[in-house]
Amino acid sequence: MTPLVQICIVVVTLSFVALVAVTSVAMVRVGQAAARLTATAEQSMAQIERIAMETQALLVSIREVVMPAQRAVTGLERLSVRVTSLSHVLLDEVEEPVFAVAAVARGVRAGAVRLASLWSRRMQSQPFSNHGAHDDE
């Protein structure tokens, strides 16, 4: 073999060795990056699991609060219906007598005003027959 071929073989061999070395370093770095990515993913999964558990606990708490709140709302609704019906009954029972009393009061007032005006006119139009003297004298 000629020295040129031998040099070419050595250069090719060295380039293969360099390529293997670079590939080995790259594989080590890729392995390290994969390990860091795995560790980060595991931390993220742990946090996601913790968030999921807290969310489930929150939903359980909300369910525990919703049922009594619904019962309270139902009770308030029944109470408002009863209060409304009671107020209607009171208005029906009280309204008519109150209006009747008010009408009687207006009538009495109008009658009293009419009598007072008639009496004052009569007193003004009639002169005193005894000119201020007492009847018993």
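Arg50 is partly exposed in the predicted model, where its relative accessible area is 45%. The side chain of Arg50 meets that of Glu54 in a salt bridge, with an N to O distance of 3.3 Å. Glu54 is likewise partly exposed, at a relative accessible area of 46%.

A patch of negative charge is made up of Asp92, Glu93, Glu95 and Glu96. Of these residues, Glu95 is located in helix 1, which spans residues 3–125. The relative accessible area of Glu95 is 39%, so this residue is classed as partly exposed. A nonpolar patch is formed on the surface by Leu86, Leu90, Val94, Val98 and Phe99, whose accessible area together is about 480 Å². Val94, one of the residues of this nonpolar patch, also belongs to helix 1. Val94 counts as partly exposed because its relative accessibility is 43%, a value between the limits of 20% for buried and 50% for exposed residues.

Val104 is a further residue of helix 1. With a relative accessibility of 53%, Val104 counts as exposed, since the cut-off for that class is over 50%. Between Val104 and Ile9 the separation is 95 residues in sequence, and their C-alpha atoms are 133 Å apart in space.

Notes: Residues are numbered from 1 along each chain as its sequence is written. This is a predicted model: local features need pLDDT of at least 70, side-chain atom pairs count only at pLDDT 80 or more; totals for chains, interfaces and linings use all residues. Side-chain values use heavy atoms; hydrogens and water are left out. Patches are made of residues with over 30% relative accessible area and no salt bridge: like charges are joined within 9 Å, nonpolar side chains (Val, Leu, Ile, Met, Phe, Trp, Tyr) within 5 Å. Accessible areas come from the Shrake-Rupley method with a 1.4 Å probe; for residues, only the protein chains shown count as cover. A salt bridge is a side-chain nitrogen of Lys or Arg within 4 Å of a carboxyl oxygen of Asp or Glu. Lys and Arg count as positive and Asp and Glu as negative; His and the chain ends are not counted. The place of a charge is taken as NZ of Lys, CZ of Arg, CG of Asp or CD of Glu. Helices (H or I, at least four residues) and strands (E, at least two) are DSSP runs, numbered from the N terminus. Buried means under 20% relative accessible area, exposed over 50%, partly exposed in between (1.4 Å probe, protein chains only).
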